[in-house]
Amino acid sequence: MVGRDSMTEKELGWLAGFLEGEGSVGLRRCRKKPGYAIYLRPRIEACQVQLEPLLKVQALVGGWVGRKSGKRRGKQSMINIWILQGESAALVMRFLYPEMSMKRQTQFARVLHAWDTRAINRNRSNPRVNAQIRSLVFA
């Protein structure tokens, strides 16, 4: 779990700066199986040629690190990618929100608003899940 108590100020500053410059945020369309409804999940990702910064991000907040095909200087090559999605990504966005630029805060707010609205509607029949979501939304 991400928490200000488990991260030093230096780590928090590094993470915010790294994701401010190298990260991207958005909503990922997901589907459990063909024919099932499509739903949206918050997603944060960062791509790097160097693996070390992505492993540091993973150590701080979790997520998945792997490789993907990409273009670098006009040539096809493999690059490293870090991905965090779902509730974990939403928690990281809330945690880092005060540290980010106005532009990135706006991006976080749009993603979180879509996620929170969708999550409350999707879990309306489950009071326990609703309570957990509301505690995150209104905390």
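Glutamate 45 counts as buried, because its relative accessibility is 17%; buried means under 20% relative accessible area, exposed over 50% and partly exposed in between, with a 1.4 Å probe and protein chains only. The model is a predicted one, in which local features need pLDDT of at least 70 and side-chain atom pairs count only at pLDDT 80 or more, while totals for chains, interfaces and linings use all residues. Residues are numbered from 1 along each chain as its sequence is written, and side-chain values use heavy atoms, with hydrogens and water left out.

The protein as a whole has 5 helices and 4 strands; these are DSSP runs numbered from the N terminus, helices being H or I of at least four residues and strands E of at least two. Along the sequence they follow the pattern α-β-β-α-β-β-α-α-α. Of the 139 residues in the protein, 36% are buried. Contact means heavy atoms within 4.5 Å, and among contacts between residues at least 6 apart in sequence, 54% join residues at least 24 apart.

Glutamate 45 belongs to strand E2, residues 39–48. Beyond its neighbours within four places in sequence, glutamate 45 is in contact with Glu22, Gly23, Ser24, Lys68, Ile81, Trp82 and Ile83. Its C-alpha atom is separated by 8.9 Å from that of glycine 26, 19 residues apart along the chain.

One of these contacts, lysine 68, is found in strand E3, residues 64–72. Lysine 68 is partly exposed, because its relative accessible area is 32%. Not counting residues up to four places away in sequence, lysine 68 touches Glu45, Cys47, Ser77, Met78, Ile79 and Ile81. Asparagine 80 lies 12 residues apart from lysine 68 along the chain, and their C-alpha atoms are separated by 6.3 Å.

Strand E2 also holds proline 42, which is buried, with a relative accessible area of 0%. Leaving aside neighbours within four places in sequence, the contacts of proline 42 include Gly26, Leu27, Leu84, Gln85, Met93, Val111 and Trp115. Proline 42 and serine 88 are 46 residues apart in sequence, and 8.5 Å apart in space from C-alpha to C-alpha.

The helices may now be considered. Two packed helices are described by the angle between their axes and the distance between the axes. Helix H1 (residues 9–22) and helix H2 (residues 52–61) pack at an angle of about 125°, with axes 11 Å apart. Axes are lines fitted to C-alpha atoms, for helices over the stretch in contact, and angles run from 0 to 180 degrees between N-to-C directions. H1 and H2 are therefore oblique to each other; angles under 35 degrees count as roughly parallel, over 145 as roughly antiparallel, 65 to 115 as roughly perpendicular and the rest as oblique.

Where the two helices meet, H1 contributes Glu11, Trp14, Leu15 and Phe18, and H2 contributes Pro53, Leu54, Lys56, Val57, Leu60 and Val61. By class, this contact has 8 nonpolar, no polar and 2 charged residues; Ala, Val, Leu, Ile, Met, Phe, Trp, Tyr, Cys and Pro count as nonpolar, Asp, Glu, Lys and Arg as charged, and the others, Gly among them, as polar.

Within H2, the residues Pro53, Leu54, Val57, Leu60 and Val61 are buried. They lie on the same side of H2, because they cover an arc of only 120° around the axis, the arc being that of the directions from the helix axis to the C-beta atoms. The exposed residues Glu52 and Ala59 are on the face of H2 turned away from its buried side. After H2 comes glycine 62, whose phi is positive, near 90°.
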